[in-house]
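Here are my notes for someone opening this entry for the first time. Please keep the viewer open while reading the points below.

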Amino acid sequence: MATVSFRDATRIYPGSDHPAVDKLNLEIGDGEFMVLVGPSGCGKSTSLRMLAGLEEVNAGHIFIGDRDVTDLPPKDRDIAMVFQNYALYPHMTVADNMGFALKMQNVPKAERNERVLEAAKLLGLEDFLTRKPKALSGGQRQRVAMGRAIVRSPQVFLMDEPLSNLDAKLRVSTRTQIAALQTRLGVTTVYVTHDQVEAMTMGDRVAVMKDGILQQVDTPLKLYDQPANLFVAGFIGSPAMNLMAGKVTEGGVKIGDYLVPVSREVLAKAKGEETLTLGIRPEAFIVSDSGIGVEVAVVEELGADAFVYGTLAGLEDNEKLTAQQIVARISSRRPPARGEVIRLGVDAEHIHVFSNATQERLSN
Amino acid sequence: MPRFVSAKPDSRLIPLPWSTPLAEWPTEHLVALPRGISRHVVRFIKVGSSVYAAKEVIEHLALHEYRLLHDLMRIDTPAVEPIGVITQRVDAEGLPLDPILITRHLQFSLPYRSLFSSGVRPETVSRLLDAMVVLIARLHLSGFLWGDVSLSNILFRRDAGNFAAYLVDAETGEMHDKLTDGQRAHDLQVARINLFGDFCDLQAGGMLEESLDPLTLVDTVESRYTELWNELTGAETFSGTELGRIEGRVRRLNALGFDVAELDIQTNEDSSKIRIQPKVVDAGHHSRRLMRLTGLDTEENQARRLLNDLDTFRARTGQQHVEESIVAHEWLTDVFEKVIEAVPSDLRAKREPPQLFHEVLDYRWYQSQRENRDVPLVEATHGYVRDVLRALPDEAMSQDALAPVDSRQLVNPYDPSQGFIDETYERPYDPWEDEAADDEAAPGGYLDIAALRSRAGQ
């Protein structure tokens, strides 16, 4: 078991003028489940490959425990990589399907069997060990694939989008199983995904990356409640946070015809910016008598709640087409009608204020 | 209503039962052809005389793979041809079904399960590994990171006395301008694990020649890849008196089947040291030349063989000074087509024309040696048809992997991954499955923040 630490780790691809990963600093605790998330090309997979030793580190260092592994070949790093693709071999037993990589490393048979049995116990697969995989369900196959990594008993697990080829249902159940298993094993895990819902539900902490730069690393709730900048605010959350730019006015920021109150201290941090961006989560809105005016376009009912999609009230028809969509999650007891104008209020503590100049968060 | 995304649509595909899950398709639309292991439901479907491979897979992967296969075709990399993606499928109850990716079945391709089986000659294995290595290197040269090199994802075709390998699965692929050493190492690592597993599986099924050892096979692939990659891209430094080494390098690359489009040559100030490095190399040196001269579309080694015969023809007919393309045309009609026409049409599904021609040349050589005379080509063709070709199995759509191994029969001939009939058994109780059944998929990928808060509060 071990900590992992990226220290100013940088990767510049040959022929590229900007780094794929730029001075990454990330401390991953012993036994922690760290998720790297971001859009395609953000550097998350490159970071993982740097840790695996598959991608050269051009500057900075990477440590596993106290050991500087920056220049070590992959096989000397004591890590196991779980890829998105796995195939179960029809003629091999479940035990052999789990242990064949150990055979490739010339691990003696007795030890191989012991490690496979141990992993099978953890995965609830003991009764399947002597069987062939053809009759396994999708979830059981997924567990055998996890078993392949577990039998290697590495210091660190690296997982590169392991769920991306599963259907929605299997993805959700496997997600839960991987997270539960990781907690039980207590092995430091670095997990890469482009899916922020997956990141938020699985990680102890989540590192959000964009253009090779680490934007924020925090617990899922902290990322959700206090996004450090506009990118994180827009990326984390589904449906996404409403980000609305408005003019700074005495006492607040004007959105449509409504002045959203913003405290003096926060406005003072804006240092003379004329416009600021306000971020409001869909569920922070409350239908009330005063608030941001929204013309309702679609209402989607979802159990006790309803999602209301609309645009700022008072727009011309041709403006509505290109206008920014506003999403609110409200109680479905009295859903508004299509075309109706409603007022959406929000408590001061649920308003996130961002600078347009620096993109950084200004509110607490 | 299903929606078809396709560059070259085949209208006969439209009336097929898209609202049925692929695993439940009526067999009247299916052909049982051998194939590798897949995580997805894969079937071969037949419309008219065309055979397609159909794979049921989630939407973003289906479209991703379709586009990548298109890119690979555009840059002339050996890969299966994408035909289309059928999206927006719903079953009879209106529930959504995963899209289906359609690719054209590669004619004359050989299933690997029969290629490595008992009785295989060591040279054949060596050639199969070479074909695989050339494929990986070609993909890497064009900036393609495969992410899933495995026997199941490769098809082999005969290529004169060698084999040519084709990519059949690009699901995990990524296209880059240029691959880094790290990305190539990643692909090789995946290849090592997958191929080792593939060979062990063949061994477990009694289908691997006994003298072959999975670990040695995998090591061979890796060391040959490194060797080939160094030859294709490595820098070489020598003294200014050895200028012939520049031409030597180009010849070696040509012999490997590659053209050098850009060679970087650097000299020091007094030209006493020279450093050369190929910057751009293109595969298909011989097949491109043959295509230009005759219009024949062949594999690389078939082209090499045919070009050799063309050169011999030119010398024998005393036409060394005649324009090459004119001689080539004459050779095509007087030699090549004569041989192909001499093969009865009911035997044409056994070998592709260039492969037939190659095998006839081989046959003639042995015959001439044995009889100590020059056997004429047409006579040799008749002999070959009589002595060899008739006894060969059809390979246009090879079915030999369906032959029962040790007299065992597949549960489902359309899906070999379901195993053999004699292996059916009861499933033990699995409490994890019950738990998984309780997990409800979040609708539309919404983030359930309330659940997250309550979990954090615990």
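1. Start with Arg292(B), which sits in helix α7 of chain B. Helices (H or I, at least four residues) and strands (E, at least two) are DSSP runs, numbered from the N terminus. Arg292(B) counts as exposed because it has 11 C-beta neighbours inside 10 Å. The cut-offs are these: a residue is buried if 20 or more other C-beta atoms lie within 10 Å of its own, exposed if 12 or fewer, and partly exposed in between, with C-beta atoms placed from the backbone.

2. A word on the model and its numbering. The model is predicted, with local features needing pLDDT of at least 70 and side-chain atom pairs counting only at pLDDT 80 or more, while totals for chains, interfaces and linings use all residues. Residues are numbered from 1 along each chain as its sequence is written, and chains are lettered from A and ligands numbered from 1 in the order in which they are written.

3. Stay with α7 of chain B. Helix α7 (residues 285-294) packs on helix α8 (residues 300-316) of chain B at about 55 degrees, and their axes lie 7 Å apart. That angle makes α7(B) oblique to α8(B). Axes are lines fitted to C-alpha atoms, for helices over the stretch in contact, and angles run from 0 to 180 degrees between N-to-C directions. Angles under 35 degrees count as roughly parallel, over 145 as roughly antiparallel, 65 to 115 as roughly perpendicular and the rest as oblique. The crossing of α7(B) and α8(B) is left-handed. A crossing is left-handed if the near helix is turned anticlockwise from the far one by less than a right angle, and right-handed if clockwise.

4. Which residues of α7(B) and α8(B) meet? From α7(B) come His286(B), Ser287(B), Arg289(B) and Leu290(B). From α8(B) come Glu300(B), Ala303(B), Arg304(B), Leu306(B) and Leu307(B). Two residues are in contact if their C-beta atoms, placed from the backbone, lie within 7 Å. The residues of this contact divide into 4 nonpolar, 2 polar and 3 charged. Here Ala, Val, Leu, Ile, Met, Phe, Trp, Tyr, Cys and Pro count as nonpolar, Asp, Glu, Lys and Arg as charged, and the others, Gly among them, as polar.

5. Move along chain B to helix α11 (residues 377-387). Its buried residues are Ala380(B), Thr381(B) and Tyr384(B). Seen down the axis of α11(B), they fall within an arc of 105 degrees, so they line one face of the helix. That arc is taken over the directions from the helix axis to the C-beta atoms. The buried residues pack against α9 and α10 of chain B. The face turned away carries the exposed residues Glu379(B), Arg386(B) and Asp387(B).

6. Two loop residues of chain B deserve a look. Ala349(B) lies in the loop between α9 (324-341) and α10 (353-371). Ala349(B) is partly exposed, with 15 other C-beta atoms within 10 Å. Leaving out residues up to four places away in sequence, Ala349(B) touches Asp394(B) and Ala396(B). Asn372(B) is in the loop between α10 and α11. Its phi is near 55 degrees, a positive value in a residue other than glycine. Asn372(B) is exposed, with 6 other C-beta atoms within 10 Å.

7. Now chain A. Chain A has 10 helices and 19 strands. Of its 364 residues, 45% count as buried. The C-alpha trace spans about 75 × 45 × 35 Å along its principal axes.

8. Chain A has its own backbone points to check. A cis peptide bond joins Ser238(A) and Pro239(A), with omega about 0 degrees. Pro239(A) is in the loop between α8 (230-235) and β11 (242-249). Ser153(A), not a glycine, has a positive phi of about 30 degrees. Ser153(A) belongs to the loop between α4 and β7 (156-160).

9. Last, the interface. Contacts link 46 residues of chain A with 50 residues of chain B. Which helix of chain A gives the most to the side that touches chain B? That is α5(A), with 5 residues. The residues on this side of chain A divide into 22 nonpolar, 14 polar and 10 charged.
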